[in-house]
Amino acid sequence: MPNPRTALISLSDKSGAVEFARSLAQLGFRLLSTGGTAKLLADAGLAVTEVSQVTGFPEMLDGRVKTLHPNIHGGLLARRDDPAHMATLAQHAIAPIDIVAINLYPFAATIARPDCTLKQAIENIDIGGPAMLRSAAKNHAAVTVLVDPRDYARVLEQLRSGGTVSDATRFELATKAFAHTAAYDGAISGYLSSIGADGSRSRFPRILTRQWHQLQDMRYGENPHQHAAFYRDAIVGPGLLAAYRQVQGKELSYNNVVDADAAWECVRAFSVPTCVIVKHANPCGVATGRTTEQAYRRAFATDPTSAFGGILAFNRPIDAATAQAVNEKFAEVVIAPGFDEGALKAFASKANLRVLELASGDAQNDLDLKRVGGGLLAQTPDVASLPRSELKVVTRNAPSEEQMEDLLFAWKVVRFVKSNAIVFAGQGTTLGVGAGQMSRLDSARIAGIKAQAAGLSLQGSCAASDAFFPFRDGLDAIVEAGARCIIQPGGSVRDAEVIAAADEHGVAMVFTGMRHFRH
(Lines give C-alpha, C1' and ligand atoms only; values in the text may rest on other atoms or scores of the structure.)
Protein backbone atom coordinates (compact mmCIF):
# COMPACT_ATOMS: atom_id res chain seq x y z
CA MET A 1 0.00 0.00 0.00
CA PRO A 2 1.54 3.40 -0.97
CA ASN A 3 2.40 5.87 1.74
CA PRO A 4 -0.23 8.57 2.28
CA ARG A 5 0.49 12.03 0.97
CA THR A 6 1.84 14.42 3.60
CA ALA A 7 0.86 17.98 4.44
CA LEU A 8 3.17 20.07 6.62
CA ILE A 9 1.23 22.80 8.46
CA SER A 10 3.03 25.35 10.67
CA LEU A 11 1.22 28.64 11.07
CA SER A 12 1.57 31.92 12.90
CA ASP A 13 -1.75 33.14 11.47
CA LYS A 14 -3.99 30.18 12.22
CA SER A 15 -7.07 31.50 10.40
CA GLY A 16 -8.91 28.55 8.87
CA ALA A 17 -6.16 26.11 9.92
CA VAL A 18 -8.38 23.53 11.60
CA GLU A 19 -10.90 23.43 8.76
CA PHE A 20 -8.11 23.17 6.17
CA ALA A 21 -6.31 20.39 8.06
CA ARG A 22 -9.54 18.47 8.65
CA SER A 23 -10.35 18.59 4.93
CA LEU A 24 -6.85 17.36 4.06
CA ALA A 25 -7.18 14.50 6.54
CA GLN A 26 -10.51 13.53 4.97
CA LEU A 27 -8.71 13.44 1.60
CA GLY A 28 -6.20 10.98 3.02
CA PHE A 29 -3.30 13.29 3.88
CA ARG A 30 -1.04 12.65 6.86
CA LEU A 31 -0.75 15.83 8.93
CA LEU A 32 2.70 16.95 10.03
CA SER A 33 3.05 19.98 12.28
CA THR A 34 5.00 21.91 14.91
CA GLY A 35 4.46 23.51 18.31
CA GLY A 36 1.31 25.59 18.71
CA THR A 37 -0.17 24.51 15.39
CA ALA A 38 0.22 20.82 16.27
CA LYS A 39 -1.51 21.43 19.60
CA LEU A 40 -4.34 23.33 17.91
CA LEU A 41 -4.97 20.51 15.46
CA ALA A 42 -4.68 17.79 18.12
CA ASP A 43 -7.11 19.67 20.38
CA ALA A 44 -9.53 19.70 17.44
CA GLY A 45 -9.42 15.90 17.40
CA LEU A 46 -7.11 15.47 14.40
CA ALA A 47 -4.31 12.94 14.17
CA VAL A 48 -1.08 14.93 13.97
CA THR A 49 2.55 13.85 13.69
CA GLU A 50 4.98 16.22 15.40
CA VAL A 51 7.98 17.28 13.33
CA SER A 52 10.26 16.13 16.15
CA GLN A 53 9.03 12.56 15.54
CA VAL A 54 10.19 12.85 11.92
CA THR A 55 13.54 14.49 12.61
CA GLY A 56 14.36 12.39 15.66
CA PHE A 57 15.35 15.54 17.51
CA PRO A 58 13.29 17.61 19.93
CA GLU A 59 12.68 21.29 19.32
CA MET A 60 15.66 23.07 20.84
CA LEU A 61 17.16 26.47 21.57
CA ASP A 62 13.79 27.94 22.56
CA GLY A 63 12.26 26.75 19.30
CA ARG A 64 14.96 28.26 17.10
CA VAL A 65 15.77 24.80 15.70
CA LYS A 66 13.01 22.36 14.84
CA THR A 67 12.54 22.00 11.06
CA LEU A 68 16.10 22.53 9.83
CA HIS A 69 16.75 18.86 9.14
CA PRO A 70 17.29 16.59 6.06
CA ASN A 71 14.19 14.56 6.96
CA ILE A 72 12.14 17.70 6.35
CA HIS A 73 14.02 19.41 3.54
CA GLY A 74 14.73 16.14 1.76
CA GLY A 75 10.98 15.51 1.66
CA LEU A 76 10.45 19.01 0.28
CA LEU A 77 13.23 19.22 -2.28
CA ALA A 78 13.39 15.74 -3.78
CA ARG A 79 12.42 15.67 -7.47
CA ARG A 80 9.71 13.11 -7.97
CA ASP A 81 10.75 12.56 -11.61
CA ASP A 82 14.36 11.75 -10.67
CA PRO A 83 14.84 8.06 -9.74
CA ALA A 84 18.08 8.84 -7.91
CA HIS A 85 16.32 11.39 -5.70
CA MET A 86 13.52 8.98 -4.90
CA ALA A 87 15.98 6.19 -4.18
CA THR A 88 17.80 8.47 -1.73
CA LEU A 89 14.54 9.20 0.06
CA ALA A 90 13.81 5.49 0.29
CA GLN A 91 17.34 4.73 1.53
CA HIS A 92 16.96 7.21 4.41
CA ALA A 93 13.27 6.53 5.08
CA ILE A 94 12.29 10.10 4.23
CA ALA A 95 8.68 10.64 3.21
CA PRO A 96 7.95 13.18 0.45
CA ILE A 97 6.00 16.24 1.58
CA ASP A 98 3.29 17.24 -0.86
CA ILE A 99 1.63 20.29 0.68
CA VAL A 100 3.21 23.00 2.83
CA ALA A 101 1.08 25.61 4.59
CA ILE A 102 3.26 28.08 6.45
CA ASN A 103 3.14 31.72 7.43
CA LEU A 104 5.87 33.40 9.34
CA TYR A 105 6.51 34.93 12.74
CA PRO A 106 4.73 38.33 12.84
CA PHE A 107 7.84 40.45 12.35
CA ALA A 108 6.07 43.44 10.74
CA ALA A 109 3.42 43.53 13.46
CA THR A 110 6.10 43.30 16.14
CA ILE A 111 8.19 46.22 14.89
CA ALA A 112 5.03 48.30 14.37
CA ARG A 113 4.57 48.43 18.14
CA PRO A 114 5.98 51.69 19.54
CA ASP A 115 7.51 49.85 22.51
CA CYS A 116 9.24 47.19 20.39
CA THR A 117 12.84 46.55 21.41
CA LEU A 118 15.64 45.31 19.17
CA LYS A 119 15.70 42.05 21.15
CA GLN A 120 11.97 41.48 20.56
CA ALA A 121 12.39 42.20 16.87
CA ILE A 122 15.29 39.74 16.56
CA GLU A 123 13.30 36.97 18.27
CA ASN A 124 10.52 37.46 15.73
CA ILE A 125 12.79 36.78 12.76
CA ASP A 126 11.67 33.43 11.37
CA ILE A 127 14.43 31.16 10.05
CA GLY A 128 12.92 27.72 9.55
CA GLY A 129 9.70 29.02 8.00
CA PRO A 130 11.30 30.89 5.09
CA ALA A 131 13.67 27.96 4.51
CA MET A 132 10.75 25.54 4.16
CA LEU A 133 8.78 27.94 2.00
CA ARG A 134 11.70 28.43 -0.37
CA SER A 135 12.37 24.69 -0.54
CA ALA A 136 8.72 23.95 -1.30
CA ALA A 137 8.45 26.78 -3.81
CA LYS A 138 11.62 25.71 -5.60
CA ASN A 139 10.12 22.24 -5.98
CA HIS A 140 6.67 23.49 -7.02
CA ALA A 141 6.59 20.88 -9.77
CA ALA A 142 5.64 18.44 -7.00
CA VAL A 143 4.87 20.52 -3.91
CA THR A 144 1.95 22.87 -3.26
CA VAL A 145 3.02 25.76 -1.04
CA LEU A 146 0.56 28.07 0.72
CA VAL A 147 1.31 31.30 2.59
CA ASP A 148 -2.18 32.82 2.45
CA PRO A 149 -5.26 31.28 4.12
CA ARG A 150 -7.37 32.70 1.28
CA ASP A 151 -5.82 30.09 -1.02
CA TYR A 152 -6.93 27.08 1.04
CA ALA A 153 -10.36 26.82 -0.57
CA ARG A 154 -9.21 26.58 -4.19
CA VAL A 155 -6.50 24.04 -3.36
CA LEU A 156 -9.08 21.87 -1.60
CA GLU A 157 -11.48 22.27 -4.51
CA GLN A 158 -8.87 21.01 -6.98
CA LEU A 159 -7.90 18.10 -4.72
CA ARG A 160 -11.55 17.07 -4.39
CA SER A 161 -12.36 17.39 -8.06
CA GLY A 162 -9.22 15.96 -9.66
CA GLY A 163 -7.12 14.49 -6.89
CA THR A 164 -4.22 16.88 -7.54
CA VAL A 165 -3.40 20.55 -7.62
CA SER A 166 -2.84 21.84 -11.15
CA ASP A 167 0.61 22.79 -12.43
CA ALA A 168 -0.56 26.36 -13.02
CA THR A 169 -1.83 26.74 -9.46
CA ARG A 170 1.34 25.28 -7.95
CA PHE A 171 3.44 27.68 -10.02
CA GLU A 172 1.30 30.67 -9.01
CA LEU A 173 1.44 29.71 -5.34
CA ALA A 174 5.22 29.23 -5.52
CA THR A 175 5.60 32.71 -7.01
CA LYS A 176 3.46 34.06 -4.19
CA ALA A 177 5.62 32.27 -1.62
CA PHE A 178 8.84 33.76 -2.98
CA ALA A 179 7.23 37.21 -2.98
CA HIS A 180 6.15 36.59 0.62
CA THR A 181 9.66 35.69 1.80
CA ALA A 182 11.15 38.57 -0.19
CA ALA A 183 8.80 41.03 1.54
CA TYR A 184 9.60 39.44 4.88
CA ASP A 185 13.35 39.78 4.33
CA GLY A 186 12.83 43.34 3.10
CA ALA A 187 11.00 44.23 6.31
CA ILE A 188 13.85 42.80 8.37
CA SER A 189 16.50 44.60 6.33
CA GLY A 190 14.57 47.86 6.51
CA TYR A 191 14.12 47.63 10.25
CA LEU A 192 17.70 46.68 11.06
CA SER A 193 19.12 49.35 8.73
CA SER A 194 16.99 51.98 10.45
CA ILE A 195 18.64 51.33 13.82
CA GLY A 196 21.44 53.77 14.63
CA ALA A 197 24.57 53.19 16.69
CA ASP A 198 22.82 54.70 19.71
CA GLY A 199 19.84 52.35 19.31
CA SER A 200 17.51 55.05 17.99
CA ARG A 201 15.30 54.29 15.01
CA SER A 202 15.33 56.48 11.89
CA ARG A 203 12.27 57.14 9.75
CA PHE A 204 14.38 56.39 6.67
CA PRO A 205 16.32 53.09 6.62
CA ARG A 206 19.75 52.95 5.05
CA ILE A 207 18.41 50.20 2.77
CA LEU A 208 14.90 50.74 1.41
CA THR A 209 13.13 47.66 0.07
CA ARG A 210 9.55 47.83 -1.19
CA GLN A 211 7.16 45.47 -2.90
CA TRP A 212 4.24 46.27 -5.18
CA HIS A 213 1.75 43.96 -6.88
CA GLN A 214 0.75 44.52 -10.50
CA LEU A 215 -2.84 45.61 -10.96
CA GLN A 216 -2.81 46.23 -14.68
CA ASP A 217 -0.69 46.19 -17.80
CA MET A 218 -1.34 49.41 -19.68
CA ARG A 219 -1.51 50.05 -23.39
CA TYR A 220 1.16 52.73 -23.01
CA GLY A 221 2.54 55.27 -20.56
CA GLU A 222 2.35 59.06 -20.59
CA ASN A 223 2.96 58.86 -24.33
CA PRO A 224 2.30 56.04 -26.85
CA HIS A 225 6.00 55.21 -27.26
CA GLN A 226 6.35 54.48 -23.51
CA HIS A 227 5.48 51.16 -21.85
CA ALA A 228 3.62 51.17 -18.53
CA ALA A 229 1.98 49.10 -15.79
CA PHE A 230 0.01 49.97 -12.65
CA TYR A 231 1.14 48.47 -9.32
CA ARG A 232 -0.28 48.74 -5.82
CA ASP A 233 1.15 48.25 -2.36
CA ALA A 234 0.86 44.79 -0.85
CA ILE A 235 -1.53 46.31 1.70
CA VAL A 236 -3.67 49.26 0.61
CA GLY A 237 -5.31 51.29 3.36
CA PRO A 238 -8.91 52.54 3.09
CA GLY A 239 -9.27 55.66 0.99
CA LEU A 240 -6.20 55.20 -1.22
CA LEU A 241 -6.71 55.16 -5.00
CA ALA A 242 -5.30 51.69 -5.64
CA ALA A 243 -8.25 50.23 -3.70
CA TYR A 244 -10.69 51.41 -6.39
CA ARG A 245 -13.39 49.23 -7.97
CA GLN A 246 -14.14 49.99 -11.63
CA VAL A 247 -17.90 50.01 -12.18
CA GLN A 248 -17.86 50.63 -15.95
CA GLY A 249 -15.91 52.07 -18.83
CA LYS A 250 -12.71 51.58 -20.75
CA GLU A 251 -9.47 50.44 -19.21
CA LEU A 252 -7.68 53.13 -17.21
CA SER A 253 -4.70 54.74 -18.90
CA TYR A 254 -1.48 55.85 -17.24
CA ASN A 255 -2.55 59.49 -17.33
CA ASN A 256 -6.03 58.58 -16.05
CA VAL A 257 -4.46 57.05 -12.94
CA VAL A 258 -2.16 60.02 -12.32
CA ASP A 259 -5.03 62.51 -12.66
CA ALA A 260 -7.48 60.33 -10.72
CA ASP A 261 -5.07 60.20 -7.79
CA ALA A 262 -4.64 63.99 -7.84
CA ALA A 263 -8.42 64.52 -7.93
CA TRP A 264 -9.19 61.99 -5.20
CA GLU A 265 -6.46 63.22 -2.85
CA CYS A 266 -7.76 66.77 -3.21
CA VAL A 267 -11.46 65.96 -2.76
CA ARG A 268 -10.94 63.85 0.34
CA ALA A 269 -9.34 66.84 2.06
CA PHE A 270 -12.84 68.35 2.39
CA SER A 271 -15.53 67.42 4.89
CA VAL A 272 -18.53 69.01 3.12
CA PRO A 273 -19.96 67.90 -0.27
CA THR A 274 -17.21 68.75 -2.77
CA CYS A 275 -16.31 68.17 -6.42
CA VAL A 276 -12.78 68.38 -7.81
CA ILE A 277 -12.03 68.44 -11.54
CA VAL A 278 -8.43 67.70 -12.55
CA LYS A 279 -6.69 68.14 -15.88
CA HIS A 280 -3.05 67.19 -16.39
CA ALA A 281 -2.50 66.62 -12.65
CA ASN A 282 -3.77 70.08 -11.62
CA PRO A 283 -7.18 70.98 -10.17
CA CYS A 284 -8.89 73.24 -12.71
CA GLY A 285 -12.07 73.51 -10.66
CA VAL A 286 -12.93 72.81 -7.01
CA ALA A 287 -16.18 73.67 -5.29
CA THR A 288 -18.33 72.81 -2.33
CA GLY A 289 -22.12 72.78 -2.41
CA ARG A 290 -25.29 71.73 -0.68
CA THR A 291 -25.47 68.78 -3.10
CA THR A 292 -22.99 66.98 -5.32
CA GLU A 293 -24.76 68.39 -8.37
CA GLN A 294 -24.33 71.96 -7.15
CA ALA A 295 -20.68 71.30 -6.26
CA TYR A 296 -20.07 69.86 -9.75
CA ARG A 297 -21.70 72.74 -11.61
CA ARG A 298 -19.76 75.31 -9.57
CA ALA A 299 -16.46 73.45 -10.05
CA PHE A 300 -17.03 73.12 -13.80
CA ALA A 301 -17.75 76.88 -14.09
CA THR A 302 -14.24 77.72 -12.79
CA ASP A 303 -12.64 76.70 -16.08
CA PRO A 304 -15.06 75.05 -18.57
CA THR A 305 -12.40 74.83 -21.27
CA SER A 306 -9.96 72.83 -19.12
CA ALA A 307 -12.71 70.83 -17.40
CA PHE A 308 -13.78 69.34 -20.75
CA GLY A 309 -12.47 65.76 -20.74
CA GLY A 310 -11.35 66.07 -17.14
CA ILE A 311 -11.18 63.70 -14.19
CA LEU A 312 -14.02 64.26 -11.70
CA ALA A 313 -13.88 63.28 -8.02
CA PHE A 314 -16.64 63.57 -5.43
CA ASN A 315 -16.43 62.94 -1.68
CA ARG A 316 -20.09 61.93 -1.46
CA PRO A 317 -22.11 59.23 -3.25
CA ILE A 318 -23.51 60.45 -6.57
CA ASP A 319 -27.22 60.59 -7.35
CA ALA A 320 -29.05 60.61 -10.69
CA ALA A 321 -29.23 64.41 -10.90
CA THR A 322 -25.44 64.71 -10.53
CA ALA A 323 -24.81 61.96 -13.08
CA GLN A 324 -27.12 63.64 -15.59
CA ALA A 325 -25.29 66.94 -15.07
CA VAL A 326 -21.93 65.22 -15.63
CA ASN A 327 -23.30 63.61 -18.80
CA GLU A 328 -23.97 67.04 -20.29
CA LYS A 329 -20.23 67.41 -20.90
CA PHE A 330 -17.39 65.04 -21.80
CA ALA A 331 -15.50 63.48 -18.89
CA GLU A 332 -12.84 60.77 -18.83
CA VAL A 333 -13.23 59.44 -15.27
CA VAL A 334 -15.71 59.88 -12.41
CA ILE A 335 -14.71 58.82 -8.89
CA ALA A 336 -17.00 58.70 -5.86
CA PRO A 337 -17.63 56.65 -2.71
CA GLY A 338 -20.83 55.30 -4.27
CA PHE A 339 -23.51 55.67 -6.94
CA ASP A 340 -27.26 55.25 -6.62
CA GLU A 341 -29.28 53.26 -9.14
CA GLY A 342 -30.25 56.34 -11.10
CA ALA A 343 -26.65 57.47 -11.38
CA LEU A 344 -25.49 54.08 -12.64
CA LYS A 345 -28.30 54.03 -15.19
CA ALA A 346 -27.38 57.52 -16.41
CA PHE A 347 -23.67 56.71 -16.68
CA ALA A 348 -24.43 53.46 -18.53
CA SER A 349 -25.41 55.60 -21.53
CA LYS A 350 -21.76 56.71 -21.72
CA ALA A 351 -20.13 53.34 -22.33
CA ASN A 352 -16.56 54.69 -22.47
CA LEU A 353 -16.81 56.75 -19.28
CA ARG A 354 -14.66 55.20 -16.58
CA VAL A 355 -16.63 55.06 -13.34
CA LEU A 356 -14.62 54.23 -10.20
CA GLU A 357 -16.03 53.46 -6.77
CA LEU A 358 -13.64 54.18 -3.92
CA ALA A 359 -14.51 53.91 -0.26
CA SER A 360 -13.73 56.92 1.90
CA GLY A 361 -10.90 56.58 4.38
CA ASP A 362 -8.02 58.45 5.93
CA ALA A 363 -5.11 56.13 5.08
CA GLN A 364 -2.00 57.81 3.68
CA ASN A 365 1.10 56.54 1.93
CA ASP A 366 3.91 56.27 4.44
CA LEU A 367 6.37 57.69 1.90
CA ASP A 368 6.18 59.64 -1.34
CA LEU A 369 8.75 58.31 -3.80
CA LYS A 370 10.20 60.00 -6.88
CA ARG A 371 12.69 58.46 -9.27
CA VAL A 372 15.69 60.44 -10.43
CA GLY A 373 18.53 59.27 -12.66
CA GLY A 374 20.11 56.33 -10.88
CA GLY A 375 18.36 57.06 -7.62
CA LEU A 376 15.24 57.67 -5.60
CA LEU A 377 13.96 60.50 -3.44
CA ALA A 378 11.78 59.61 -0.47
CA GLN A 379 9.77 61.94 1.75
CA THR A 380 6.79 61.80 4.05
CA PRO A 381 3.58 62.91 2.32
CA ASP A 382 2.38 66.51 2.56
CA VAL A 383 -0.56 65.84 4.88
CA ALA A 384 0.24 68.08 7.85
CA SER A 385 -2.85 69.75 9.24
CA LEU A 386 -3.03 73.50 9.82
CA PRO A 387 -4.92 74.38 13.00
CA ARG A 388 -6.70 77.69 12.71
CA SER A 389 -5.04 78.76 15.94
CA GLU A 390 -1.66 78.75 14.14
CA LEU A 391 -2.72 81.28 11.48
CA LYS A 392 -1.11 84.68 11.96
CA VAL A 393 -2.76 87.87 10.72
CA VAL A 394 0.17 90.13 9.74
CA THR A 395 -1.68 93.16 8.31
CA ARG A 396 -3.59 96.02 9.91
CA ASN A 397 -6.82 94.67 8.43
CA ALA A 398 -7.96 91.22 9.56
CA PRO A 399 -10.09 88.95 7.39
CA SER A 400 -13.77 88.63 8.23
CA GLU A 401 -15.15 85.26 9.30
CA GLU A 402 -16.48 84.67 5.80
CA GLN A 403 -13.14 85.63 4.26
CA MET A 404 -11.32 83.34 6.67
CA GLU A 405 -13.46 80.40 5.53
CA ASP A 406 -12.59 81.15 1.90
CA LEU A 407 -8.91 81.54 2.75
CA LEU A 408 -8.90 78.10 4.37
CA PHE A 409 -10.75 76.67 1.35
CA ALA A 410 -8.17 78.17 -1.04
CA TRP A 411 -5.33 76.94 1.19
CA LYS A 412 -6.66 73.38 0.95
CA VAL A 413 -6.83 73.59 -2.84
CA VAL A 414 -3.42 75.21 -3.40
CA ARG A 415 -1.73 72.20 -1.76
CA PHE A 416 -2.73 70.11 -4.79
CA VAL A 417 -1.69 72.61 -7.49
CA LYS A 418 1.74 72.31 -9.09
CA SER A 419 4.23 74.98 -8.04
CA ASN A 420 4.36 77.86 -8.43
CA ALA A 421 0.68 77.94 -7.47
CA ILE A 422 -1.87 80.71 -7.00
CA VAL A 423 -5.57 80.04 -6.32
CA PHE A 424 -8.36 82.62 -6.24
CA ALA A 425 -11.55 81.57 -4.44
CA GLY A 426 -14.82 82.84 -3.08
CA GLN A 427 -17.85 81.29 -1.38
CA GLY A 428 -16.35 77.80 -1.40
CA THR A 429 -15.46 77.83 -5.11
CA THR A 430 -12.25 78.26 -7.05
CA LEU A 431 -12.38 81.31 -9.34
CA GLY A 432 -8.97 81.13 -10.98
CA VAL A 433 -6.03 78.74 -10.78
CA GLY A 434 -2.47 79.53 -11.86
CA ALA A 435 -0.22 76.48 -11.87
CA GLY A 436 3.25 75.24 -12.67
CA GLN A 437 5.00 78.48 -13.62
CA MET A 438 8.64 79.34 -13.06
CA SER A 439 7.57 82.74 -11.69
CA ARG A 440 4.99 83.28 -8.94
CA LEU A 441 4.05 86.53 -10.66
CA ASP A 442 3.20 84.61 -13.85
CA SER A 443 1.06 82.15 -11.87
CA ALA A 444 -0.87 85.07 -10.37
CA ARG A 445 -1.39 86.62 -13.79
CA ILE A 446 -2.48 83.32 -15.34
CA ALA A 447 -5.00 82.72 -12.53
CA GLY A 448 -6.50 86.11 -13.33
CA ILE A 449 -6.57 85.39 -17.05
CA LYS A 450 -8.31 82.03 -16.44
CA ALA A 451 -10.98 83.72 -14.32
CA GLN A 452 -11.56 86.37 -16.96
CA ALA A 453 -11.84 83.73 -19.70
CA ALA A 454 -14.48 81.88 -17.62
CA GLY A 455 -16.41 85.11 -17.07
CA LEU A 456 -15.79 85.07 -13.30
CA SER A 457 -15.22 88.20 -11.27
CA LEU A 458 -12.34 88.27 -8.81
CA GLN A 459 -13.56 91.41 -7.08
CA GLY A 460 -13.63 90.77 -3.35
CA SER A 461 -12.10 87.31 -3.75
CA CYS A 462 -9.51 85.56 -1.59
CA ALA A 463 -6.20 84.20 -2.85
CA ALA A 464 -3.76 81.53 -1.71
CA SER A 465 -0.10 81.14 -2.59
CA ASP A 466 1.66 77.80 -2.01
CA ALA A 467 4.90 79.55 -1.01
CA PHE A 468 6.01 83.00 0.06
CA PHE A 469 6.15 86.04 -2.23
CA PRO A 470 9.82 86.81 -2.93
CA PHE A 471 8.84 90.33 -4.05
CA ARG A 472 5.76 92.48 -3.69
CA ASP A 473 4.94 92.26 -7.43
CA GLY A 474 3.05 88.98 -7.04
CA LEU A 475 0.88 90.43 -4.30
CA ASP A 476 0.32 93.59 -6.33
CA ALA A 477 -0.93 91.47 -9.25
CA ILE A 478 -3.30 89.55 -6.99
CA VAL A 479 -4.77 92.71 -5.49
CA GLU A 480 -5.00 94.34 -8.91
CA ALA A 481 -7.05 91.34 -10.05
CA GLY A 482 -9.53 91.99 -7.24
CA ALA A 483 -8.50 89.94 -4.20
CA ARG A 484 -9.14 91.49 -0.78
CA CYS A 485 -7.37 88.93 1.39
CA ILE A 486 -4.41 86.60 0.91
CA ILE A 487 -3.09 83.50 2.64
CA GLN A 488 0.55 82.52 2.21
CA PRO A 489 3.31 80.81 4.20
CA GLY A 490 5.52 83.83 4.85
CA GLY A 491 9.22 83.34 5.46
CA SER A 492 10.72 85.58 2.77
CA VAL A 493 13.54 87.99 3.57
CA ARG A 494 11.19 90.58 2.05
CA ASP A 495 8.17 89.71 4.21
CA ALA A 496 8.15 93.23 5.65
CA GLU A 497 8.03 94.70 2.14
CA VAL A 498 5.15 92.39 1.16
CA ILE A 499 3.22 93.14 4.36
CA ALA A 500 3.69 96.86 3.79
CA ALA A 501 2.34 96.44 0.26
CA ALA A 502 -0.72 94.64 1.61
CA ASP A 503 -1.32 97.44 4.13
CA GLU A 504 -0.85 99.99 1.34
CA HIS A 505 -3.62 98.27 -0.62
CA GLY A 506 -5.79 97.93 2.48
CA VAL A 507 -6.09 94.14 2.16
CA ALA A 508 -5.83 91.46 4.84
CA MET A 509 -3.04 88.89 4.81
CA VAL A 510 -2.55 85.73 6.84
CA PHE A 511 0.67 83.75 7.29
CA THR A 512 0.50 79.97 7.74
CA GLY A 513 4.14 79.21 8.52
CA MET A 514 3.82 76.20 6.22
CA ARG A 515 4.43 75.93 2.47
CA HIS A 516 3.10 73.46 -0.08
CA PHE A 517 5.61 73.06 -2.92
CA ARG A 518 4.45 70.40 -5.37
CA HIS A 519 6.89 69.47 -8.11
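Does Gln-427 count as buried or exposed, and at what relative accessibility is that decided? Gln-427 counts as exposed, at 58% relative accessibility (buried is under 20% relative accessible area, exposed over 50% and partly exposed in between, with a 1.4 Å probe and protein chains only).

The model is predicted: local features need pLDDT of at least 70, side-chain atom pairs count only at pLDDT 80 or more, and totals for chains, interfaces and linings use all residues. Residues are numbered from 1 along each chain as its sequence is written, and side-chain values use heavy atoms, with hydrogens and water left out.

**View 1. Packing of helix α8 on helix α10.** Helix α8 (residues 128–138) packs against helix α10 (residues 167–192) at an angle of about 150°, and their axes are 9 Å apart. α8 is therefore roughly antiparallel to α10 (an angle over 145 degrees, on a scale from 0 to 180 degrees between N-to-C directions). Residues in contact (heavy atoms within 4.5 Å) include Leu-133 and Arg-134 in α8, and Phe-178 and Tyr-184 in α10. Helices are DSSP runs of H or I with at least four residues, and strands are E runs of at least two, numbered from the N terminus.

**View 2. Buried face of helix α12.** In α12 (residues 292–302), the buried residues are Thr-292, Ala-295, Tyr-296, Ala-299, Phe-300 and Thr-302. They fall within an arc of 145° seen down the axis, so they line one face of the helix; the arc is that of the directions from the helix axis to the C-beta atoms.

View 3. Gln-427, in the loop between β17 and β18 (429–434), has a positive phi near 55°. Ala-281, in the loop between β9 (274–279) and β10 (282–288), has phi near 75° and counts as buried at 14% relative accessibility. A cis peptide bond with omega about -10° joins Ser-419 and Asn-420.

Technical notes:
Angles under 35 degrees count as roughly parallel, over 145 as roughly antiparallel, 65 to 115 as roughly perpendicular and the rest as oblique.
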